[in-house]
Amino acid sequence: MDRKFFDRFDITLFLSVIGLIVIGIFAIYSATQSSVNNSGFYVKQMTFAIIGLVMVVGITYLPPRYISSLSYYAYGLALVLLLLVLVFGRTINGNKSWFYIAGFGIQPSEFAKVATVMAVSNFFYKGDEDNQKFSVTQLLTATGIVLLPAILIKLENDTGTTLVMLSFIIPMFFFAGVSPFLLFAVVTTVAAAVLAFINIYYFAVFLALLILALYFFKKHWLLSAGVFVINVIAGYSVSFFYSKLQPYQQKRIMAVFDPASDPLGSGYNVIQSKVAIGSGGLFGKGFLQGSQTQLRFIPEQWTDFIYCMIGEEFGLLGAGVVILLFGIVIYRLFTNAYLSRNRYMMLACVGFASLFFFHMFINVGMTIGIAPVIGIPLPLVSNGVSSLMSFLLMVGIGMNTYRHKDIFLS
Amino acid sequence: MKGVSWVRREAKIYVSIGVMAAAIIVLFARLVQLQVVQQQEFGKESEKNSIKKIIETPARGLIIDRNGKIIVDNRPSYTLTITPFQFDKNLIDEVASLSGIDPEEIRNELADAKGTNRFNPIKIKRDIDFKTISYIEENRDRLKGVSYQVESLRFYPNKFNASHIFGYNAEISEKSLNESTENYYRQGDLVGTTGLEKFYEKSLRGEKGSRLILVDVNGREVGAYNDGNNDVKPVNGSDLFTSLDSELQEYAEKLMGGRRGAVIAVDPRTGEILCLVSKPDYDLNAFIGSPDAKEINRLFNHPEKPLFNRVTQTRYPPGSTWKMMMALAAMASGKITPTTTISCPGSFTFGNRTFEDHGGYGSIPVVRAIEVSSNVFFYKLGLMLGIQDYHDYSAMFGFGSRTGIDLPNETKGLLPSQEYFDKVYGVNKWSQGLLVSLGIGQGELGVSPVQMVSYTAAICMNGMYIQPHIVRKIYNSSTGIETPVEVKKRQIDMSQKYFDAVKKGMYLVVNGSGTAKNIRNSDYLIAGKTGTAQNPNGNNHSWFVGYAPYDDPKIAVCVLGENAGWGNMFAAPIAAAIMVRYLSGNSADVFNENVKMEVND
């Protein structure tokens, strides 16, 4: 094919995505081959991967106007599905987030992620000029657009996906043109609370860095002092409220940050997954040869803990390639956002890049013991049709952005 | 412009990609640490020491009667297991003949378990005998992968069934496993499925414990992880201290014999249930160990529905036992006074329909009407009351709603109201004539025996309505924690005069010239009311509700005989015998002394 084709078709993004899916299918096969009930999972994943990739190509060629004008409808549909699943949904592993239609499990919350990013992009989309001014009401409305589905998902008892919903607010606001200082104040306040909770010394170092950063912002001294005070209050109030909790509640919160404190619950999986990945070494034990994973010490190793499988059987090489491929996918989504003259597409790409990044970092981080254990899948790799299709939907819109990067919407 | 409040898109991209790159470097660094620096350490651990969690099931709580006697106990039993990883399939036939199971069944069990850990033993058959265990022990080396576990199973040291009280435990169904949100049960767990076992499942089951053990690459146990410091001891289940009287239960079951029906006796002062019988019943042992599938199928498909608790789950028309309710409602709503007389000829005509009575009684007051069980008197009361008062006063005595007995799936019964008839027949499409039959406890009215006994108890206690219950106390002997049992009580707001009139009528039923003269007892004054409920599906149902002693009630009883005919022939003698038995300290047996007399409603 000629250069012109690749000028319009983001082959790097497309091939990286295919690479992740292929690795995923091998890992799912390996994780389930000794099981009678689940041994068909990889066939199902493969079938939907092919359908999904066709869908990606289809979306690439859609006029961008269609996509933006669908935003609110998609969002409305997502809300209706989330409400329906609350009433009629089926409970699996304690989460009431599944529909069963003709034997297929469907999770509306996966679709809701894409639809919410589209809705926020559309809300901020007022012509293709960068850095517009937003009123407080507008910012609150945009936050509300995200919180509404997030609350519904929380009601389904799916905390992991709820946190995912909150992951793209800051990046999207940042790119939409909301004052960096305001975002900085919000982000540091959350960080202060978390750090003060984990370790008081981290908190002290953090406050020192905060003073430095505030100096560089060169805002009025009263404003800077205000942000500093809010941070200090956030840090102290967390410790205060934590000490007021019942011991069993404290234990539950501790287990999220320090799995080793709960070796029978989430800690058990982390101990096992660290052993699996660590024992993989440089080149791994070989396909289907992982003793930890083949002996099923890790539950649900074809979904949330699939990265163990890759780490044990393909070693640092395989585990590194997966992170690298994610790096390329996220990098491409950001560059497409940068290149686009279309502000809606720019914002959507930023939202999707954030989703990919958050999922990848938390999921991989949890299996290697540096992130809290939150049950969210590894995009494109974990077994699961709803998750696979929703991430491919994002890839499709990313590809579309690249193809139509020179077209203004307004 | 002051400070950085306006940022170009390039800058934002640099910031974002910078953050991402930093995060990826962190992940890489950690991977290198685990897979290169610590590889040897983890490699060894994965070869030798993998941690496995073993679940330990606690002993289920016991059930104890009012005198401290254990009536539901546990006994140890052996469960034959096969661990697929070590098991040689050529041994299937030998294991089959050893345990007496069809070899096909073992193959199916092994095939079903393929989705789970191959190192986990699969339960093949519960409750195998000791001879089999010795054989397995002797041939340990040859029978690789064949083993057994000790489990505790239910044991009933009784001369009675009480099947509907205790209920049975069964392996948890896949449906409840998926629907459970607490992540406690696992496949193969026994869970309370009916009766007290189900109602108090959370108290009885206790809390599972777990041990972490180190296993080698072949799945063999090497030792305890972290010296057992992370192990959690199972907590045994709590015991249920019930108000049941074992001897009375045995006596009541014997009296009911092979008949269909229900018996329930309570202490009216406390609402405590003394005995509860639903017939036909069944042997709970059929559900224990490896349940006998044929027997269980027979029970589930039996036309007489032995698994059904007729005391709490079935509704019947109450017939003449309803007349005290009508009398109280009519007096409390001011339609009549205790001395109002109503003319009671041998029949009553409403519209173009004539309703019969067993005799003419002249002009009589309410006490006499209960004594002789006049139908015409209560036909007229039904009409006087109207549907609104009929419904509201009956609801005060717990009809149309659950009593709150501590057994699962209690029926609300059926208490008709204006809305109910409007819904069934259409607004203005039904006539007041329906109230005529309702006045004598016939028609679209359904009550359960537990509702009837609670109503009787409330009458003899002058309006104190107490939630009937079996469990008095839940106590965990290993933790020393007692869980209180809440019993709801309420005083029905009615004048004492009305209760006195109704109680007087019930006294005369037995001790005057009433319908149950045959059960009069010289030692204990019994008060009560017979009922013979017509029923479109066969013979009449025989009812009796009553209490004793008349002046200081200690027991209230309701007996129902399905299709057993007249109230005074079947139900009354059984009820009287149970009351006398209980009051005499479980010694007197007056059942055969009840002279059979002329049939009466």
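The model I am reading is predicted.

**Backbone phi**

I looked up A:Lys218 with that cut-off. A:Lys218 has 12 C-beta neighbours inside 10 Å, so I log this residue as exposed. Its place is the loop between α10 (200-217) and α11 (221-244) of chain A. Phi of A:Lys218 is near 55 degrees, which is positive although the residue is not glycine. Most residues other than glycine have a negative phi.

I then went to chain B for B:Asn428, another non-glycine residue with positive phi, near 60 degrees. B:Asn428 sits in the loop that runs between α15 (418-425) and α16 (434-439) of chain B. I find 7 C-beta neighbours inside 10 Å, so B:Asn428 is exposed.

**Cis peptide bonds**

From B:Lys279 to B:Pro280 the bond is cis, with omega near -5 degrees. B:Pro280 belongs to the loop between β12 (272-279) and α11 (293-301) of chain B. The bond joining B:Ala548 and B:Pro549 is cis, with omega about -15 degrees. I place B:Pro549 in the loop between β22 (541-548) and β23 (555-561) of chain B.

**Helix pair in chain A**

Among the contact residues I note A:Phe123 and A:Phe124 of α5(A), and A:Ile145 and A:Pro149 of α6(A). By class, this contact has 10 nonpolar, three polar and no charged residues.

Terms used. Residues are numbered from 1 along each chain as its sequence is written. Chains are lettered from A and ligands numbered from 1 in the order in which they are written. This is a predicted model: local features need pLDDT of at least 70, side-chain atom pairs count only at pLDDT 80 or more; totals for chains, interfaces and linings use all residues. Two residues are in contact if their C-beta atoms, placed from the backbone, lie within 7 Å. Helices (H or I, at least four residues) and strands (E, at least two) are DSSP runs, numbered from the N terminus. Ala, Val, Leu, Ile, Met, Phe, Trp, Tyr, Cys and Pro count as nonpolar, Asp, Glu, Lys and Arg as charged, and the others, Gly among them, as polar. A residue is buried if 20 or more other C-beta atoms lie within 10 Å of its own, exposed if 12 or fewer, and partly exposed in between; C-beta atoms are placed from the backbone.
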